[in-house]
Structures are given as C-alpha cells and as structure tokens.
Amino acid sequence: MLTMASNLCYNSSSSLSINTKPPFLSQQHHTFLSRIYPTLIFLKHKNQISISISDFRIRKHYSNPPFPLITSFKRREEEVEEMTIKSTVRVSDGKLMVKDKTILTGVAENVTETSAATCGPVDGVFLGAEMDNEDSRHVVSLGRLNSVRFMACFRFKLWWMAQKMGDKGSEIPLETQFLLVETKDGSHLESNSIIYTVFLPLIEGSFRACLQGNASNDKLELCLESGDVDTKTTTFSHALFISAGTDPFATIHNAFTAVRNHLNTFRLRHEKKLPGIIDYFGWCTWDAFYQEVTQEGVEDGLQSLSAGGAPPKFVIIDDGWQSVAGDTKENGSDNPPLQRLTGIKENPKFQNKEDPELGIKSIVNIAKEKHGVKYVYVWHAITGYWGGVRPGMKETEEYGSVMSYPNISKGVKENEPTWKTDPLAVQGLGLVNPSKVFNFYDNLHKYLSWAGIDGVKVDVQCILETLGSGLGGRVELTKQYHQALDASISRNFPDNGCIACMSHNTDALYYSKQTAVVRASDDFYPRDPVSHTIHIASVAYNSIFLGEFMQPDWDMFHSLHPAAEYHASARAISGGPVYVSDKPGSHDFDLLKKMLLPDGSVLRARLPGRPTADCLFNDPARDGVSLLKIWNMNAYGGVLGVYNCQGAAWSVTERKNAFHPTDSAAITGYVRGRDVHLISEAVAGDGSDWNGDCVFYAHHSRELVVLPHNVAMPLTLKVLEHEVFVVSPVKVLSNGHRFAPIGLVNMFNAGGSVQGLVYEDWLVGVHLEIKGCGKFGAYCSVRPTRCLLEDSVVDFEYDNDSGLLSFAIDHLPKEGHVHHVKIEL
C-alpha cells in the first residue's frame, strides 16, 4: 500500500535557469484543433519538445581560435588578469577552487590552465601539463580530493564502463573517463550551497587522457598515453576540462557543449539523426542462436513473435552470417583458432539454394515482404570480424590486411587481468590498412545496402586503441577508422543505421560525428544471475555520460526469464531501442504487450533515462540502503522507474562482477514529483500557475496518488523488484477542478501515449491526442459529465476515492494518426 509522508529531506534542489519552455502541439495539430475548436488557447508545441527537454540550451557553435589563452599556475597574477572571462573554476595557491569551495589541494606546479572563454558561455577551464621528459605515457598529479562525493564512469573491461561512487581520491578507479563531484557542504535543504563539478578527460593531439586515484595519498591523477612508443610529447594544454554549476544535468550538458566547440571532432546527440528503429519493437538473433544463426532461424523467430501479437519491426542478424575461417592450428595449441573474415559476402547459411547469388537479400525480402519488418540490420566488427580480416586471401587482398597484436594499456590490464590469455592477445588480429579502410567499409556496406539491409551494429570498437603501435598511436588509428566508418554509413544507409557496440573509450566517443545509438553497458547475460541488477545500474549511470554523445541502447533481453519484467520495464523507460533476443517459441506475450502496441511501435520516452539527482552519488549496487531511481520525460509528463539493484557489483579485489554480502531485507526509498528533473517543462502554459502538485500512478499496484509539492512518498522493494510511475503535473482549471493525464495504463511508459493536450477553460473540458490503443486513464478531481472518443460518447469508470478515470480505446487509429479524446468536466 502506497502512503504519503511529508519529508523535508527530499525537498527539491534549485536548478540553473533552463530557458526551454515551449508549446507542445505541432502546427499540424494546431490546424486540426483550430478547425474544430476555433477559440482554443494552445498551450504547448509538440515539435519543440526535443529541443526543450533533450538539450538544455542550443547555441550556435563557434570554432576554437587557433591561439587559445594558456596560463601556468606558476605565472604571475598580472598575466592571469589579462584573461577576458574569469571562471569561478580556477586554480589558486595550489588549489582547485569552485567559487569558494576547495575541490583539490596540492595541485602540481607543472599543471597549466587554459581559459574556456572561447568555447561559449560556460563556467570552466582546461587543464594541461608541462613535462620534463618526452614520452608516450605520462601521469600527472592533480592534487588531493577534499570534502566531496563523486560518481565515476570507468572502464572495468576494455570494452565497457560501469559506475563507482566514493569520497576519497584513492577510490577513483583506473580508466575513469567521466567524473562528477558534489561538494559535501550544505544539504538538499540548502541546495544553493551544492556545487556540481564535472571532470572530462579529453583527447589532445595523439594522446588520450583518463583519470585515476592514487591509493597511497588520495590524489587524483591524470594519465595521458598515445599507445605508441614512438609517439611522444612533453606538453599538454587541453587534456582535461573542468566545469561547474548548481544543476547537475545542465552542468554536464554545458560542459559537453564547450568540449564539442573546442574539439570539433564529434557531435552531440541532438545534432544527429536518430535511426527509425528506436520507435519500434525489435528482435536480435544473438541470445536466440548465437553464431549458429541461419536464414531459417531468422524466419522462425519473426514468425513466432508475430503470431503471438508482438510483431518485430526491426531485426538484427547478429554474429554468424559472415564468411569467416580460422588459421591453421600450430604448435599443438589447445586453443581453437581465432576466426577471421575471408570475404564481405554472407556464408552458405544465408544463401538461397535455388538462387545462391541472391545471398542475404533472400532473408531480407522474406522479413520485409512476408513479416512486415521495416528495418533489417546485420552485425560486423569494426575490424571486419573478431580476428580481423584474414591476410593473404584473394577476396580481401585489396584491403592490405596485416597481422597486428594488441598492446593493452596499463589501466585496462589492471582492471581486466584476463587479457594476458585472451585469444586476441595471443593470436593477433588481421588489421586493414588504415588508408584502405574506407574502401573496405564502403564495399561491405554497398553490398549490404543492395541486399536491402538498413543498418549495421558495429562491434568490438575499443580494440582499435590497442593496435596503434607504428601507426601514430591509438587516437590516430581510431580517428582514421571512425572517419571512414562515418563516411560509409552516411553514403550507404540514409536512415543513419548504425549501433556502436563495445565502444566505451573516449578515443572513439570524441570522434563520433555520425553514429547516434550506442550500447550502454556490458551484455544481458541470460544465464548469469549476478549480472541482472548490475546491468540496470550500469546502463543508468553510463547514460549520464554516453547520453550526451548518442542515444544509449540498454541492450536486448529475454521476455521469458526470471528477471524479464525487471529488464523490460527499464528498457521501456530508457528512451532507446526496445528489443528482445528470445528463442522462437519462448516468449511472454503479456509482458511484451506492456512495451509495444499491436502495430509494433513503442511508446518511447524522449531522453536518455538517467538516475535522479538524489541518486547520483549513492551506490544502489553496493551500499545496502539505496534504491535506484531513473527518470525520463514524455511530451506531457514524466516517468520514474525505481529498482532495487543491491547485492552485486564489479569487485575491486576480484576484478570481476561478483555477489557481495547484503541484507536480504527490503529497502525503503522515497519518490517525489521533482525526481523527474524537468517535470516543470511538461506543465501547461507558462507554468506560472503550477504549484508543484503531481499525480503518481504506479504500474504494478495500480494506485493513483496526488503528491503535493515537497511531499515524498515511501515505497519498499526487495532485490530484483521494481516499480514504474507515471508522473503528471496537475492542472487546476478555471472552475477549480483538477486534471492530469496518465495515458495507456497497462503500458510501462503509459504517459508516452499522450501526444497532444489542450485545456478548454470556457466549457471546462480537456482535449487529448492518444497514440495506440488499450485502457486509457487520467486523474480528475470530479466525475466527468461525459467522455468522447473521436465524436462518440464512451462508457467510462470513475473511482471517487482516487479520482482515477478510465475507459477502453479498443482499436488502433489509422497509421500515422492519433485518437482524439475529449473529457468534459
């Protein structure tokens, strides 16, 4: 039973002014509604929501001047005075200061500071260093971390990041690529005293930077490496960007905007075209078949899902379709030979027996023409295959492949010690000549496009950082490959069909101009019980960082699985693609129908799902007391998922994911309206008359509660339990009646169905545009006089105690259209 509890500890923190207030309904809807109701006042403009919510501010980008202002902490104060803009982030007397708060002490004298004034109106600075000796790897002390809490996104594997929280410099992991720091001064009751500081280690020239803690003295260190012993330097000026503010999400976004303006090597998520797959339900072959996938298996999977009322509109044919072969076994090794690509076309499993020349086009035609699939993707590694492209093959000799052996960085080796025996490290990889890699991608993608393929999942991306020896280093090699990949995707897949996978290094991220979707964490492992809580926590925290570059993809899952609903609800509120990897015949259709509509479309939330502000520095996987809350936005409200993720995490001592002792008792947490960070953006009109009240509708308990401003509601969850809430601002109408839309209440993201909302004050009515079909719900403080669907009066139910109004919408609207609902109060 949900109950209300006033709890001032959960008072919302103040935010930076975010000027993003739009109207929501599109011009097309203006025309339609004005024709029927010519005197309506239109409150929102739907087409602008992507600008207002996903992008805290959109500014014109300016290129960085060729001669930035650089100062050393050793230089005279009068030289510092010459800087045109003085940031509140500064180094003074060996301290990193943010306003009047000290973040780091004992900053080394060889650390340099560069103004960020040329990168736009952002409060921040770049740090670099002047080293005594030329080398390919440097470690610089940035000072001791003081009186803060931090959240770090670090690579626990070469391929993947996870989160780590703490309050000491020694606790910051190796290979930290994103660091968010909160000062301990003040509390949520004194929110103006809370400062959030973002540390973004960057690429500079041929070097890539990351952060790490020093276990012996609590100092934060900056590690810079080229990955090539012959690529050396002594001087850095823009290796680390530090920015600060009072709103964590705006501060992060503004920091990335400044870095984007400075580097001009990548684009932000809102600047990229999102592929069509993200608005539809899909199926991936990987966990269904692994590398044993066949054309017949693909068709069986599509048929099985469609027959149960869950038609996939996109399919990813994962690893197993390509032409590959292993090297000849030598020296009596017990290890199976690593497979390498031998040609760009499909293997015999995907060749039509009657017409072999048709190749993979055969299953593409079947998927689209027989099963109504809109998009077909296939998998390939960024180097062609796991073992690269096999040298000496006539079919691939034009690409100049040569054997190369990975050189793993020190930080990755320490975090992932199993690399020393990895088949790639032992057997090497056939690396396409960087000068010919565009031809390789273009020929591959041109063939796939001819076959009707709409996009590719490009895997194993981080391997490039290990192969830069003799080629100018890790950054240079990654740059060449990604520029070639971007050019080929742009040329061959007009829907920008590309998913980045195993790609969590900043070498790649800071060269991501084209790809708009990125896998957010390590895989869904259906047979590994330790992985499920870890997965949900990792995708949420990684999305804070990755979501600035691309739309995070929270991975496939099994709908018929002990943790299926736990995974499914998270995917539904993630804002990214929703797809399963079920074996044919192994499905939970009741669960699937909470995520997708009968036409295969989904109710996608509009942003990357991320932890709420009060969860940023708690550790919901390790601390034994915290629940994870994930927020996202819809056009006219928010969605809030709450998860118990305790009991398993990456182990610092074991260097792997592991269970750890935890109290098996349930944990109690609190939810409030302001947990949805941008909930005020969904308020009707200019929001000036909104008092902060929100309706909470719980998916599992089916309870509706109106939460006043600054009131928190407790809920209690055991490990692997969760709850999902619709959060909808309450509108007070002219006669004092109150209303808030909920949406299709049987869906995880019910509020995603509300596509239009107009209040009619003179007749006291509400007009809504609803996507899909099912049971519609809304909060009304009084029983409506009548409800209309299109122009027909419908029967409805009304609960006097809660104010829940509901009625059935029993059919889909025409394709591309919405249902028109009117509620008269």
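Visitor: I read that the expected span of a helix is 1.5 Å times one less than its number of residues. How far does helix H10 reach from its first C-alpha to its last?

Guide: H10 covers residues 437–450, which makes 14 residues, and it reaches 20 Å, close to the 20 Å expected at 1.5 Å a residue. Helices (H or I, at least four residues) and strands (E, at least two) are DSSP runs, numbered from the N terminus. This is a predicted model, where local features need pLDDT of at least 70, side-chain atom pairs count only at pLDDT 80 or more, and totals for chains, interfaces and linings use all residues. Residues are numbered from 1 along each chain as its sequence is written, and side-chain values use heavy atoms, with hydrogens and water left out.

Visitor: Which residues in H10 are buried?

Guide: Val437, Phe440, Tyr441, Asp442, Leu444, His445, Tyr447 and Leu448 are buried in H10. Buried means under 20% relative accessible area, exposed over 50%, and partly exposed in between (1.4 Å probe, protein chains only).

Visitor: Change of topic. At what angle do H13 and H14 pack?

Guide: Helix H13 (residues 531–546) and helix H14 (residues 564–573) pack at about 10°, and their axes are 10 Å apart. That makes H13 roughly parallel to H14. Axes are lines fitted to C-alpha atoms, for helices over the stretch in contact, and angles run from 0 to 180 degrees between N-to-C directions. Under 35 degrees counts as roughly parallel, over 145 as roughly antiparallel, 65 to 115 as roughly perpendicular, and the rest as oblique.

Visitor: Which residues in H13 and H14 meet?

Guide: On the H13 side they are His532, Thr533, His535 and Ile536, and on the H14 side Tyr566, His567, Ala570 and Arg571. Contact here means heavy atoms within 4.5 Å.

Visitor: What about Gly647, where is its place?

Guide: Gly647 sits in the loop between strand S31 (637–643) and strand S32 (648–651). Gly647 counts as buried because its relative accessibility is 8%.

Visitor: Which residues is Gly647 in contact with, leaving aside its neighbours within four places in sequence?

Guide: They are Ala621, Ala658, Phe659, His660 and Thr662. The C-alpha of Gly647 is also 8.8 Å from that of Ile534, although the two residues are 113 apart along the chain.

Visitor: S31 came up. In what order do the strands of the six-strand sheet run?

Guide: The order of that open sheet is S29-S30-S31-S38-S35-S36, and the pairing is antiparallel. Strands S29 (610–611) and S36 (704–707) are at the edges with a single partner strand each, so one side of each has no neighbour in the sheet. Two strands pair if DSSP finds at least two bridges between them.

Visitor: How many bridges join S31 to S38?

Guide: Six bridges join S31 to S38 (residues 722–729), and the two run antiparallel. Within S38, Phe725 is the bridge partner of Leu640.

Visitor: And which strands form the sheet of five?

Guide: That open sheet has the order S39-S40-S43-S47-S46, also with antiparallel pairing. Its edge strands, S39 (731–732) and S46 (797–798), each pair on one side only. Five bridges join S40 (residues 738–744) to S43 (residues 774–780), and Tyr779 in S43 is the bridge partner of Ala740. S43 and S47 pair over six bridges, with Ile809 in S47 as the partner of Gly774.

Visitor: How many residues of S47 are buried?

Guide: Five of the six residues of S47 (residues 804–809) are buried, so this strand is largely enclosed by the rest of the structure.

Visitor: What do S46 and S47 form?

Guide: A hairpin, with five residues between the strands; Gly803 in the turn has a positive phi of about 85°. Two bridges join S46 to S47, and Leu805 in S47 is the bridge partner of Tyr798.

Visitor: Last topic. What is phi of Glu175, and of Asp218?

Guide: Glu175 has a positive phi near 65° and is not a glycine. Asp218, not a glycine either, has a positive phi of about 65°. Glu175 is in the loop between S10 (161–166) and S11 (176–183), while Asp218 is in the loop between S14 (207–213) and S15 (219–225).

Visitor: Is Glu175 buried or exposed?

Guide: Glu175 is buried, at a relative accessible area of 1%. Asp218 is partly exposed, at 24%.
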